[in-house]
Amino acid sequence: MTARTLSKSKIVDTVIELIRQQKPTTFSQISKQLGTRSQSIYNYFSDGNELKAAVTVRFYAKLTQELQNKIFGLSGKKAVLKFCQVSANYAIDDFLVLQYVISMPKEMFHGDKEVETTLDNLYQLLCQLLDPLISDKKQKLVYARLIRSLIAGEVIHIGTGRFDNDLVPDDDSFLQMLEIALADIPD
């Protein structure tokens, strides 16, 4: 691949493809996949952390876009439940990329404005859904944390096969847990 056809987006696409194939994501492996030299990658990303930040931005930006599309027109608890289901399904469907993204410690992207903005956009979307339901700021924060924890737990347990049980299908139990968690919020 020539320098004219190489781009940040193509490099990120390649890293995501390698992650899904469970192959190494070294600059050497990325450049081999792209048919270029590893030095070419440095023209776009100074190091692996910067590249990982770009993958993080892509992952969460796509999730935010999908959420906006799926919750459009919904409100109240129905919108919050849809937010949770879409978030969990998105992460489960791309669990290997999620593992790559969340393996990046906060300190590594702290200060990366694009990562912080992308994560904040996702959080603000949840807060906008909770705004009409909960007026107290502390309560809203607690519920936002509860919801995010339930989503993370669901994704981790399903992604690792720990919720594989015919007695109660994982989708059913997630919805029941969410309904229990949100029961005290007036609709």
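So, helices first: the chain has 10 helices and zero strands, where helices (H or I, at least four residues) and strands (E, at least two) are DSSP runs, numbered from the N terminus. Read from the N terminus on, the order is simply α-α-α-α-α-α-α-α-α-α.

A quick word on what we are looking at. This is a predicted model, in which local features need pLDDT of at least 70 and side-chain atom pairs count only at pLDDT 80 or more, while totals for chains, interfaces and linings use all residues. Residues are numbered from 1 along each chain as its sequence is written, and side-chain values use heavy atoms, with hydrogens and water left out.

Now the overall picture. Along the principal axes, the C-alpha atoms fill a box of roughly 60 × 40 × 30 Å. Of the 187 residues in the chain, 39% are buried; buried means under 20% relative accessible area, exposed over 50%, and partly exposed in between, with a 1.4 Å probe and protein chains only.

What about contacts, meaning heavy atoms within 4.5 Å? Among contacts with a separation of 6 or more, 66% join residues 24 or more positions apart. As for charge, the mean positions of the 22 positive and 23 negative charges are 7 Å apart. Here Lys and Arg count as positive and Asp and Glu as negative, with His and the chain ends not counted; the place of a charge is NZ of Lys, CZ of Arg, CG of Asp or CD of Glu.

The largest pocket holds about 700 Å³ of space. Which residues are the closest to its centre? They are Tyr 60, Ile 102, Leu 119, Leu 122 and Arg 148, out of 22 residues that line the pocket. Looking at the helices, α4 (48–71), α5 (76–93), α6 (95–102), α8 (113–130) and α9 (137–159) each supply at least two residues of that lining. For the record, a pocket is found on a 1 Å grid over the protein atoms alone, as an open set of points where a 1.4 Å probe fits, with protein on both sides within 12 Å along at least five of seven lines; lining residues have an atom within 4 Å of a point. Grid points are joined across faces, edges and corners, and the volume is the space filled by probe spheres set on the points.

Let's stay with α6 for a moment. Its buried residues are Phe 95, Val 97, Leu 98, Tyr 100 and Val 101. They pack against α1 (8–20), α4, α5 and α9.

Next, helix α5, where we find Val 86. Val 86 counts as buried because its relative accessible area is 7%. Leaving aside neighbours within four places in sequence, Val 86 is in contact with Leu 63, Glu 66, Leu 67 and Lys 70. From Val 86 to Ser 149, 63 residues away in sequence, the C-alpha distance is 15 Å.

The C-alpha atoms of Leu 150 and Cys 84 are separated by 8.4 Å, though they are 66 residues apart along the chain.

Finally, which residue in the loop between α1 and α2 (27–34) deserves a look? That would be Gln 22. Its phi is near 60 degrees, a positive value in a residue other than glycine. Is Gln 22 buried or exposed? Exposed, because its relative accessibility is 63%.

Notes: Contact = heavy atoms within 4.5 Å.
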